[in-house]
Amino acid sequence: MVYAGFNRAWAAWIGDRLERWGFRVAHMLWDAPTGIPLIDLLRGLKLAEGRILIVVSEWYFQLGLRSHDEWNEALREVVAPDPSRFAAVSVTNAPVPTAAAVLAPVDLTDTGADEAERRLLARLVGLPGDSLPEAANGERRGPRFPPATPEVWGGVPRRNTRFTGRESQLSDAYNLLEGAEPGAGVLTLYGMSGVGKTQLAAEYVYRFGSEYDVVWWVDAENRASFRRLLAELAPSLGLSTGAEYGERLRAVRDSLRRGDPYARWLLILDGADEPDQIWDLVPTGPGHVLITSRNLEWGEHNSELLEVPVYDRPESVAFIRRRAPRLAEADADRLAEALEDLPLLLDQTAGWLNDSDLSVGEYIALLDGGIDQDVVKVSADFPIAFRTAWSILLNKLRETVPEAVDLLRLCTFFAPGFIPVRFLKDMPHDELPETITGLLDDRLLWNKAVNQLRQYSVVRLESHEAATDGSPASGESLYLHRMVHQIVRNDMPDDERHEFAAVVRRALASADPGRPTDTRHWGEYAQIVPHLTYADVLGSPDPGVQRLVLNCLGYLHLSGRYPAGVKLAERALEAWRHLLGDGHPVIWELTAHHTTLLRSTGDYRRTEAVDRAAVEHLREERGELDPDHLRAAAGLAADLRGLGRYGEALELARRLLTSCLGLLGEQDSRTLDAQHDLGFSLRLLGRYEEALDVDRRTLEARRALLSGRHPGILLSETSYATGLRLLGHYVQAESVQATNVRAQRAVMGPDNPQTLRAEHNLALCQYRGGGDRDTAGELFSGVLERSERTLGETDPLTLAAAVSQSCFAREYGDIDQAGEASESLIARYEAMLTDGHPFTIGARANHVLLLRQVGARDEAHFWAEHELTAMAAVMGENHPWTLGCALNAAAARHAVGDIESAAELSGSTVARATDALGRTHPLTLSARVAQAADLRGLREHRRAEEIEQEALSDLAATLGSRHVHTVSARSRNRPYWDFEPQPT
């Protein structure tokens, strides 16, 4: 069977049907290279055994750019004398050479699968009648009938009917995906911009899509759009989920992984140029993933790589002649050489030349210097032809449809890539320039401008089906290529530049949902943020535009995009101080956002200096009850907590809460924020009972004030569960936290810092509670991996997760790996925090346990004493962290034979722990067990037995007789204490 690559789906279906009927079918891809006479090529076909079945379409006769006259001559010369050797089926309604009639093709179009199969068999074997007999092995599942789309189909762009060549890349892509092991079918098409990666991926879909049950196309230029569009697959898969896209996304990935309800799926990730942003979201399972990207780093993320090069010259010539039929082969060759065979440039230039009177020679002369020399200057970034072609094209558009140029210029003040049309259509049209108002208000004029830009491949118009939750993710987007964007923007008069920038700023401000704390609007903010720079929002004095920037900063903080937020805030500070002056109210709010973002990255020393200066200035200028002063003071309290100055932080938190209560009342969200911070400060000081009481009251008040699963409620639930765990109420803490984690994942998303914090606490609940050790270990590892990837290795939350993972590995994993991790943690804390910070001391205290475990008793003893002294100096003798260091130091003394000193320390630890935490707190119980061991070492057996039995009884009563701590104490294993940092 001989077919053109464009008709591969038909060839696959025909071959499958014939094989079911017992035919032996050999497939041959028709190439028709121009260097071989067509008659010789047809005669070569006759060398094959059996009958030759030709899949007739206009594509078959276009390959090699043969004329119909040449085909007519070859068909009459080769086929007509021996027609029995040939058979044909037609899969097109387009004109074909008249002599193709000698093939007597049977028409398979405009009919169903059964009728097409009947006609096929009738043509080959002359089956009589209208019914189709039963074929053998009918249960075997084969390719889908080409006109029938897969059960699930979404987002796929229209097929490019001018697609040319790329046969080897398509074949290689198919073989790589088909040959991949289950769960590893990921292939990245990579290459330079404009090389046709997306077109190749789309052609792959149309050629091989009939072999899949699900084909889903996703814009993967950034993490937010990828998550949203992949989540939109949930309804099509028949998955029952809630409204939050995080929950839908998780359900989709799980469905694809299991292959239920569809195992044969193809996911296309288009424009995935930042693999670090999305590689963790790429589904695994029995299906295939096809990625287009400029970034070779996909090879580091378990993807096969396939380069998409520029066209070879025959492909360029064939493509140009399809795009510009008026050009002769020689002219097409000259043009391809001038444009360096880059498909995007070929498409845009040939399309313009086809409608122009300019000859290829004249055009090339312009490239050689007939236009502004700056435009055609050789550049590694912009080929000569590309910039010149755009200068010519823009002039033509300006003469024919000036509205198209206005629209194009307007688009360059958005970020390159996808531009939601709703940003323009939904904005208020008052005070807009007349040309823009006319364009937006007149549907016909809008369509004319868009269609003109599409005609010259300037933009793509993409339609998106409405999301199931009714969010504005649906609608249309204009896609503008990066290189096009830059050239058009540079080729613009200054007066129009200012005018268009102002329009786009108003459009973005109008699109602002105004609620960055509402996770349901995060998808909208994710769409807005990339456009801020290009619209020069920071240069606008418009309060609405400034509010947009502040809201975007709030979104970037809450969604965990700290580096992007810091960068935007710092640029805004520089611009607005010059524009508004240092004392403007907006500057104080912007400063608060800036320090909040910096603080989230752990830069406490820098934020403390900024916040302290702001607090002092605002107190003196406006008084302590001014809202800006209260906000700056809250930031300063958080800085102090980050710096380990917990007493100062508590004092400031108390004053803040008193001020908020007097100024705002009990039911204001800012008051509840201050109350939450008070609980946190108390917890850091080891005052767990007081902290839990504050957290309980804050949680109840937030539930009464806020809606369902508001982020503030979820945060309070995590704080409450943390307090329960620190008091040793492990079962209750795990119950609260497990429920909370499910809500966090659905509302905030799995990689949000708030979700990671909740999951980390859940793992600690499971670990301390002595439950499923493997489950806790998997959760520790998962939280650490995602924290490192999304927040970085030095983020406070990442470091906290790394501490827990190191402690877990010390007990249940690789001791050498735990040691390396512990040393790395100490180094990172020392570099990040001030001297004598309790987190650094605690990390070293944990390392003491590693030293003891590997037998380095003397070294462990030295450092245990050192960290005990350091922690006591910083936190006081009765703080739980100091008591924990004392527990470990007593064990180290016992290990080196200093039993009397160990007994003295363990005895005083029991007394102080009882006073600070209570008789049955887990830390107190551990100290009592340790004291019994030291008394036995002193041969005070009666007292040791009495203390041990009382401790075992209390352990069984509080933690349970089968809890790991109870069992360990009963076996007389020396208890220990792990330091646990609590990131602010």
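In this predicted model, the count of cavities of 30 Å³ or more comes to eight. The largest cavity holds about 80 Å³ of space.

Which helices supply at least two residues each to the lining of the largest cavity? They are helix H27 (604-622), helix H28 (627-642) and helix H29 (646-664). The largest share comes from H29, with four residues. Among the residues that line this cavity are Val-615, Arg-619, Glu-624, His-629, Leu-630 and Ser-659.

I turn now to the aromatic rings. The model contains 23 aromatic pairs. One of them joins Tyr-311 and Phe-319, with 5.9 Å from centre to centre and 45 degrees between the planes, and this pair is tilted. Are these two residues buried or exposed? Tyr-311 has 8% relative accessibility and therefore counts as buried. Phe-319, at 4% relative accessibility, also counts as buried, because the cut-off for that term is under 20%.

Elsewhere, Tyr-646, Tyr-829, Phe-839, Trp-881, Trp-977 and Phe-979 form one aromatic cluster.

Finally, I draw your attention to charges placed over rings. The charged end of Arg-8 sits over the ring of Tyr-174, 4.8 Å from the ring's centre. Lys-425 lies over the face of Trp-446, and here the distance to the ring centre is 4.3 Å.

Thank you for your attention.

Conventions: Residues are numbered from 1 along each chain as its sequence is written. This is a predicted model: local features need pLDDT of at least 70, side-chain atom pairs count only at pLDDT 80 or more; totals for chains, interfaces and linings use all residues. Side-chain values use heavy atoms; hydrogens and water are left out. On a 1 Å grid over the protein atoms alone, a cavity is a set of points where a 1.4 Å probe fits but cannot get out, and a pocket is an open set with protein on both sides within 12 Å along at least five of seven lines; lining residues have an atom within 4 Å of a point. Grid points are joined across faces, edges and corners, and a volume is the space filled by probe spheres set on the points. Rings of Phe, Tyr and Trp (its six-membered ring) pair if their centres lie within 6.5 Å; planes under 30 degrees apart count as stacked, over 60 as edge-to-face and the rest as tilted. Buried means under 20% relative accessible area, exposed over 50%, partly exposed in between (1.4 Å probe, protein chains only). A charge sits over a ring if NZ of Lys or CZ of Arg is within 6 Å of the ring centre and within 35 degrees of the ring normal.
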